[in-house]
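Go through it in plain paragraphs, with the structure open alongside.

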Amino acid sequence: MSVDRLFAEVAKKGPICVGLDPHMDHMPEEVRGLSIEETIFTFNKKIIDATKDLVAVYKPQAAYYEAYGLEGVRAYQRTLEHLRKEGALIINDVKRGDISSTAGMYAKAYFEGDMEGDLMTLNPYMGMDSIEPYMEYVEKHDKGLFVIVKTSNPGSRDIECLEVDGEPLYIHVGRALEKLHGNTIGKSGYRNIGFVIGATNTVEGEGAFIRKAFPDTFFLVPGYGAQGGKGADALTLLQDGNGGVVNSSRGIIRAFEKSSKPFDEAARDAVLSMKEDLRVGL
């Protein structure tokens, strides 16, 4: 199971996920002047090579590649190829959510071929039948899912936190995901469907409440760093330093903007600082 593999990587290296979200307006001088494809790929490769011994998993966000057309998509494919060559785990951050026939093609796109990753992010708010087509890959091909349950953006309270039968809607969504056929518990003690749970919970005790509600679910925790989430916020969503990965994108890949060091060295320093903040994996 991919979640079991991710659990093992966290046990070895700590719970850090690096978001590879390249933006052509925020590139260091070292890679400027190249084609879009070469700029993005060279930037990603150097960050991966500088941090791979410290990081449990990498999460390229597809929009940051699709926005640059075919060159961006080729850079995405080459980034995934390099990650696979290095034996790194990959979360394809695509947040797909569509009817079952289309969902099946999205599953094929991101679990096979040029764009293959180990896990992918999904949006369940069209219903559980939009998730079911991915389960064949989970059950038969050692793939994993991170499904949006409670996100880090302020607008999450517009829908995800609506009260239903005395509880937030996101709790009902999480329970429905737990009941999906094939969502079994692996050797790590965690289910093979993980949840996206933001680190920027503003209600006191909300992180601990969510962790208690889903003790055997592995979390992908966005919102740390640039979005305002603190190490203490993220830690409430982990269990003994595991049971989740904490993502940082801009805080790591754009660390060079606040450093005099080369961009890859600045990224490594940012990862080390994050590890110290989380107080695990050192």
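In which loop is the place of Asp142? Asp142 sits in the loop between α6 (135-140) and β5 (144-150). The model is a predicted one. Although Asp142 is not a glycine, its phi is positive, at about 60°. With a relative accessible area of 29%, Asp142 counts as partly exposed, because that class covers values between 20% and 50%. Asp240 also has a positive phi, of about 55°, without being a glycine. The place of Asp240 is in the loop between α10 (231-235) and β10 (244-248). Asp240 has a relative accessibility of 86% and therefore counts as exposed.

Leu6 belongs to helix α1 (residues 2-13). Its relative accessibility is 0%, so Leu6 counts as buried. Beyond its neighbours within four places in sequence, Leu6 is in contact with Ala56, Val57, Leu89, Phe146, Phe218 and Val245. One of these, Ala56, is 50 residues from Leu6 in sequence, while the C-alpha atoms of the two are 6.9 Å apart in space.

Two of the contacts of Leu6, Phe146 and Phe218, are also members of an aromatic cluster that Phe7 and Tyr190 complete. Across the whole structure, a search finds eight aromatic pairs. One of them joins Tyr190 and Phe218, with 5.6 Å from centre to centre and 85° between the planes, an edge-to-face arrangement. Tyr190 lies in the loop between α8 (169-178) and β8 (193-197), and Phe218 in the loop between α9 (206-213) and β9 (219-221), so this pair ties together parts that are 28 residues apart in sequence. Both Tyr190 and Phe218 are buried.

Another edge-to-face pair is formed by Phe195 and Phe214, with centres 5.1 Å apart and planes at 80°. Phe195 lies in strand β8 and Phe214 in the loop between α9 and β9, so the pair ties together parts that are 19 residues apart in sequence. Phe195 is buried, as is Phe214.

Helix α2 (residues 36-51) packs against helix α12 (residues 263-278) at an angle of about 45°, with the axes 9 Å apart. This angle makes α2 oblique to α12. The crossing of α2 past α12 is right-handed. On the α2 side, Thr42, Phe43, Lys46, Ile47, Ala50 and Thr51 take part, and they meet Phe263, Asp264, Ala267, Arg268 and Val271 in α12. By class, the residues of this contact between α2 and α12 are six nonpolar, two polar and three charged.

Helix α2 also packs with helix α4 (residues 69-85), where the axes come within 8 Å and cross at roughly 25°. That makes α2 roughly parallel to α4, because angles under 35 degrees fall in that class. The crossing of α2 and α4 is right-handed. From α2, Ile36, Glu37, Glu38, Ile40, Phe41, Asn44, Lys45, Ile48 and Asp49 meet Glu71, Gly72, Arg74, Ala75, Arg78, Thr79, His82 and Leu83 in α4. The residues of this contact between α2 and α4 comprise six nonpolar, four polar and seven charged.

Conventions. Residues numbered from 1 in each chain as written. Predicted model: local features only at pLDDT ≥ 70, side-chain atom pairs only at ≥ 80, totals over all residues. Heavy atoms only, no water. Axes fitted to C-alpha atoms, helices over the stretch in contact; angles between N-to-C directions. Helix = DSSP H or I, 4+ residues; strand = E, 2+ residues; numbered from the N terminus. Parallel < 35°, antiparallel > 145°, perpendicular 65-115°, else oblique. Left-handed = near helix turned anticlockwise from the far one by under 90°. Contact = heavy atoms within 4.5 Å. Nonpolar A, V, L, I, M, F, W, Y, C, P; charged D, E, K, R; others polar. Phe/Tyr/Trp six-rings, centres within 6.5 Å; stacked < 30°, edge-to-face > 60°. Buried < 20%, exposed > 50% of the residue type's maximum accessible area, 1.4 Å probe, protein only.
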